[in-house]
Amino acid sequence: MGQTGLLPTYVRTVALISTSSLLILMLCAAALGQGSTPQRGFQPGASFALSDIETINTTNGNLMLSLPLGKLPAGRGGLSGQLNLHYDSKLYNSQVQWYQDWDHLVFGEPHVAIRNMLVTSDEGGWHYGTGYSLQLIDRMSQYPPEIAPQYPAPETIYHYKVKVAFPDGSLHEFMPRVGSQIDQGYSDIRPDGYQSRFIGGSVQDVPLFTNNVIYYTFDGTYVRLEVQNDSDSNWWNNTWRRWADRTWAFEANSR
């Protein structure tokens, strides 16, 4: 009778141990399966990418594709040339414009309003990654003449900003390394060495530097831009070079 009463307890104990062992094995198998699954979606400190050809900006959702079309054999020093086809889903840029609103008068004068306009971007959509382009932004161009700031407003002096469009469609800002003051990201220096000054009752661009103007990025890419001085007051035809890590240079005309 005693042995018969102990049998159910023994069976329950064995069953419990077997079930526990089976559960542990299943959990191990599940953990192994999760570790071998590719991580997709947003990952802290990384970009959203499913392959080597696309990147998604985790801040603004911008989709960028890069399709390699051909590559030249490596030359001296291991450098090579490659042609890529790029796509950027951000097709427009936001541009601030000031205008006179005649529908809403203030003491008989039009209300000065600010609006953000969407303008087509040259870096958006499909394009070949074949070169770099130098851009000079003048923030005074956003004002119509009748309401443009007047000296001594800082916009009249510090109104130039230099950008370079890279083959992958990215746009990088550069700051001059000439000891110039910066106001809201704008300086008084043009790429050809001219400086904006208040002379004879008006703001004029006058020659200041006879040597090349040096620019640097401030976005962590550590790129150096050197614009050759040719003293012809036309910045767009100056030869310029882009240096990366002080190891090589890309030389081209601005246009």
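1. Gln195 counts as buried, because its relative accessibility is 14% and the limit for a buried residue is under 20%. The structure under review is a predicted model. Gln195 belongs to strand S10, which covers residues 194-199. The side chain of Gln195 makes a polar contact of 2.8 Å with the side chain of Asp188. Leaving aside residues up to four places away in sequence, Gln195 touches Asp188, Ile189, Gln204, Asp205, Val206 and Leu208. Asp205, one of these neighbours, returns in the next point.

2. Asp205 is partly exposed, its relative accessible area being 26%.

3. A further salt bridge links Arg224 with Glu226, whose closest N and O atoms are 3.6 Å apart. Arg224 counts as partly exposed, at 23% relative accessibility, whereas Glu226 is buried, with a relative accessible area of 10%. To answer the question of point 2, the network is made of Arg190, Asp192 and Asp205, joined by salt bridges that share partners. The structure holds five salt bridges. As a general principle, side chains of opposite charge can pair when their charged atoms come close.

4. Which residues have the most contacts inside the largest nonpolar core? They are Leu134, Val162, Val164, Phe174, Tyr215, Leu225 and Trp240, and the core has 16 residues. The elements that give two or more residues to this core are S7, strand S8 (160-165), strand S12 (213-217) and strand S13 (223-227).

5. Leu69 is part of strand S2 (residues 63-71). Why does Leu69 count as partly exposed? Its relative accessible area is 48%, and the class of partly exposed residues lies between the limit for buried, under 20%, and the limit for exposed, over 50%.

6. Phe107 has a phi near 55 degrees, a positive value in a residue other than glycine. Phe107 is found in the loop between strand S4 (92-106) and strand S5 (109-120), and Phe107 is exposed, with a relative accessible area of 83%. Gln184, likewise not a glycine, has a positive phi of about 55 degrees. The loop between S9 and S10 holds Gln184, which is exposed, with a relative accessible area of 65%.

7. Where is the cis peptide bond that has an omega of about 15 degrees? This bond joins Tyr151 and Pro152. Pro152 is placed in the loop between strand S7 (133-138) and helix H2 (154-157).

8. The chain as a whole may now be described. The protein chain has two helices and 15 strands. Of its 255 residues, 28% are buried. Among contacts with a separation of 6 or more, 45% come from residues 24 or more positions apart. The chain exposes about 17000 Å², of which carbon and sulfur atoms supply 56%.

Definitions and conventions. Residues numbered from 1 in each chain as written. Predicted model: local features only at pLDDT ≥ 70, side-chain atom pairs only at ≥ 80, totals over all residues. Heavy atoms only, no water. Helix = DSSP H or I, 4+ residues; strand = E, 2+ residues; numbered from the N terminus. Buried < 20%, exposed > 50% of the residue type's maximum accessible area, 1.4 Å probe, protein only. Polar contact = N/O pair within 3.5 Å; in protein donor to acceptor, adjacent residues only side chain to side chain. Contact = heavy atoms within 4.5 Å. Areas by Shrake-Rupley, 256 points an atom, 1.4 Å probe, with all protein chains shown as cover. Salt bridge = Lys/Arg side-chain N within 4 Å of Asp/Glu carboxyl O. Core = buried A, V, L, I, M, F, W, Y, C linked by side-chain atoms within 4.5 Å.
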